[in-house]
Amino acid sequence: MKDKVIRDKFGKYFKEKGHNWYSSLSLVPPDDPTMLFTTAGMVQFKRQFLRNILGDIRKDTRAISIQKCLRTSDIEEVGKTARHLTFFEMYGNFSFGDYFKEEAIKWGWEFLIDILKIDKEKLYATVYKDDDEAYAIWEKIIDKSRIYRLGEKDNFWKMGETGPCGPCAEILYDRGPGTGCQDKNCEVGCECDRYVEVWNLVFTQYDRAKDGTLKELPQKNIDTGMGLERLNQVVNGLDNIYETETLKPLIEKVKEESKNYEKSATRVVADHARAVTFLIGDGVSPSNEGRGYVLRRLIRRALREGLALGWQKPRLFKYTAIVVDMMEEYYPVLSERANHIALVCKKEEESFLETLKKSAKILEEYINEMKKSSETGAESRAKKILSGEKAFKLYDTYGMPLEITRKILAEKGYSVNEDKFNELTEIRADRSRWKEKDIGNIYGSELVNIKETDFTGYEKYSGSSKVLKILEEGKAVILEKTPFYAEAGGQVGDKGKINGKTGDFQIDDTVSINGIYIHKGRLKGKMKEGDAVEALVDCSLRKAIQRNHTATHILQKVLRDALGGHVRQNGSAVSGERMRFDFTHPSALSEEELKSIEENANKIIMNSCSVSTEVMSKEDAGDTGALAFFGEKYGEKVRVVTITDKAGTVLSREFCGGTHVKNTGELGLLKIVTETGIAAGVRRIEAVTGTGLMEYIEEKEELIRRAAGMLNSPASKIEAKINKLKEELKEQESKINSLENKFLSGTMSETMSETMSGKGENIGSVKFIKRDFGVSGQGIMGSWLDSATKNSSVGALAVGKKEGILTLILKISKDLTSDINAGKIIKEASRIVGGGGGGRKDMAQGGGGKVDALDEAVDKIKELLREK
């Protein structure tokens, strides 16, 4: 049965049961900062789920979707088993206070048996050990011998330690006694691949209190999930998910193009090609943080496996095109971004190949050190383990993922201290962890019984409200309604003040979790839940933010006009000080392009174009040509921001939930501050407007004033003064060079006399000469070294010191290079002075900042010469 047929049957069956169809959410959850990726179908229904628990019943109580998902918790199992994937799609049917266990179980069974014609003799059911209700329902459908009661680990779902939870029922498919572990006692519950989970039915019926007691929810929910790829495998009687229609074309292509076919590596490449395609398609770019790091890890892991398959150059990017062809019918955005996806993937592959060359050499040095350590004494386990610090340096400095370090080490019989590596990684992550995630972790369970906040900030900057909850001992407040905008869509959260009768709350930031606005700040005085308060937004800051947000819309319009329709917003950050706009474009912008873009943006601003907002249906908004952006989730009703000139021509129309000015003239002017590349195919512009531009101009004027004072020149004549100083400097450098040449001539004569007369230090058969050059340039040092090593059996060391940094240059005569390696000697000496170095056998350079350790470093050079 074709994949498309199964999709159609699923939609048709559940629509007939009164369910409404919902398109897949982005892999980047737009309104749930507590999640890195969308991992299940329920993610986009989280708000409906929580509203229902609170008794806020919606008309739309039944929903279905096929959700694209990404999970990396089992990434190490991908390729090794018949069932693990990072990217997959999930069928789901959901009920919010409508039907419950009876219908969920009955319809699930009916769809599998009557619609998909799966052999019912191969299906089993599991229920939670104490769920007699679900067990009784299953008894009416299948024999008791095919129903298993399992514990909380397998068959009980919970949102957290407290809050909504409930038992699960699972439908499993028996692949037969010749599969899995093949143990004669193998049965449902075994961890092998024989019994495959097809459908998981979650019955959310309890609210767990802090003491662990379970209270029945007044409104119960159904949340089901069924893996699309796994269902295709079962329906078609296939051995594993990699033989399904959704993966087999990729597997065959990778196999066809690989010199050294290996099943596990081929599966990894196929799976990761899908994950990479969808991640980039949803706006994620490779980086060393968060989602970007996961993407980078997937690309690099796939390429590493590709190299094992015999790849000589980037190839994963070619497979993204196959994924696009296979999936664009269901996800049209992929075809729109196909070139960008391939470009980003290829650039990252190229970057990683260069990284691998460098980091592989460093890892090889570490392995050799461990090997020597093992050879010098009784071999111990510790000598076979790479330190976590070195593994972290390979990752943090040179970009080598831990799994690749682990794999290379394992191939040579070594391992790595992963506990220490993870500790260092966590310390690094703590410095950059996004605050919303922390907020979600801190407050998650406390928000369960709070209704969504009524936001009034589009119309006003202040208003009366009531305190619903005080969190974190007075460091956060939730109001019934609020004019404070919560950080979203790149726009920062509002600041301001909440005034009460017995205390005031100073707001430093506003964020939201599932529609609940959290005001973070400091409480002065007293405030309690239920208090009537006045909420006052910082108006000057909000207006500055609005100017910069409208500026992003203007910038997008002029960028698309100047560069082409391929330009798409790829992220933004809007604060009161400035705006940052990330967009897709393959190359850096020229000075001329930037100047033209800035001029065109300012024409729109100076023409005082109107900025209007309108709430309409998503379908109507799409019909108007309004731009929607990747990673954003839009409900059935959307807010559209339109910029129109005085002739009535629409210049820009975008889906946007942020706050904006009423007229572009309010921006004053726009100034582009920087334009840089942040990832393959992604550029970033930073700009300022309004008061931010005034501050920018003042900073530049102050810089000019300080420079004029330092040059003792009027500001208008700074350029002429600098040119004059450059000429004077050139003359002085010429005089210095002349003096250095005279000095060098005398020094070389002196050196020749030393070597001819046998002066210098004898180290074995080597004549060692050292000379200090102070702040002199490396050119004069090099000339002296050339002169000093003209005779045989000479080692010469030139030492320089400038601004607290030592320079060490060692050169040996040609006849010694078969026994002595100057590069290795300098490397050792440079470590002593706190730096690094290296070079050729006959000449090498290094140094460091530990000036007091110079004598020790020189002694080390002599020691190494003596050893040779």
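Setting aside neighbours within four places in sequence, threonine 453 is in contact (heavy atoms within 4.5 Å) with Leu479, Glu480, Lys481, Thr482, Gly515, Ile516 and Tyr517. The structure is a predicted model, in which local features need pLDDT of at least 70 and side-chain atom pairs count only at pLDDT 80 or more, while totals for chains, interfaces and linings use all residues. Residues are numbered from 1 along each chain as its sequence is written, and side-chain values use heavy atoms, with hydrogens and water left out.

Back to threonine 453: this residue turns up in the loop between helix H16 (435-443) and strand S12 (454-455). Helices (H or I, at least four residues) and strands (E, at least two) are DSSP runs, numbered from the N terminus. With a relative accessible area of 11%, threonine 453 is buried. Buried here means under 20% relative accessible area, exposed means over 50%, and partly exposed is in between (1.4 Å probe, protein chains only). The side chain of threonine 453 also reaches the backbone nitrogen of tyrosine 517, at 2.8 Å.

Next comes leucine 594, which sits in helix H18 (residues 591-606). Leucine 594 counts as buried too, at 15% relative accessibility. Beyond its neighbours within four places in sequence, leucine 594 is in contact with Leu589, Ile672, Glu675 and Ile685. One of these, isoleucine 672, is 78 residues away from leucine 594 in sequence, yet their C-alpha atoms are 7.8 Å apart in space.

What about the cysteines? A disulfide is a pair of cysteine sulfur atoms within 2.5 Å, and by this rule the count comes to zero. Cysteine 539 is in no disulfide, and the nearest cysteine sulfur, that of cysteine 656, is 20 Å away. Cysteine 539 is partly exposed, at 32% relative accessibility. For cysteine 609, the closest cysteine sulfur is again in cysteine 656, 17 Å away and so too far for a bond. Cysteine 609 is buried, with a relative accessibility of 2%.

Finally, there is a pair of helices to look at. Helix H8 (residues 263-281) packs with helix H9 (residues 290-308) at an angle of about 150°, and their axes are 9 Å apart. Axes are lines fitted to C-alpha atoms, for helices over the stretch in contact, and angles run from 0 to 180 degrees between N-to-C directions. H8 and H9 are therefore roughly antiparallel, a label for angles over 145 degrees. Among the residues that meet here are Ala265, Val268 and His272 in H8, and Leu295, Leu298 and Arg301 in H9.

Conventions: Polar contact = N/O pair within 3.5 Å; in protein donor to acceptor, adjacent residues only side chain to side chain. Parallel < 35°, antiparallel > 145°, perpendicular 65-115°, else oblique.
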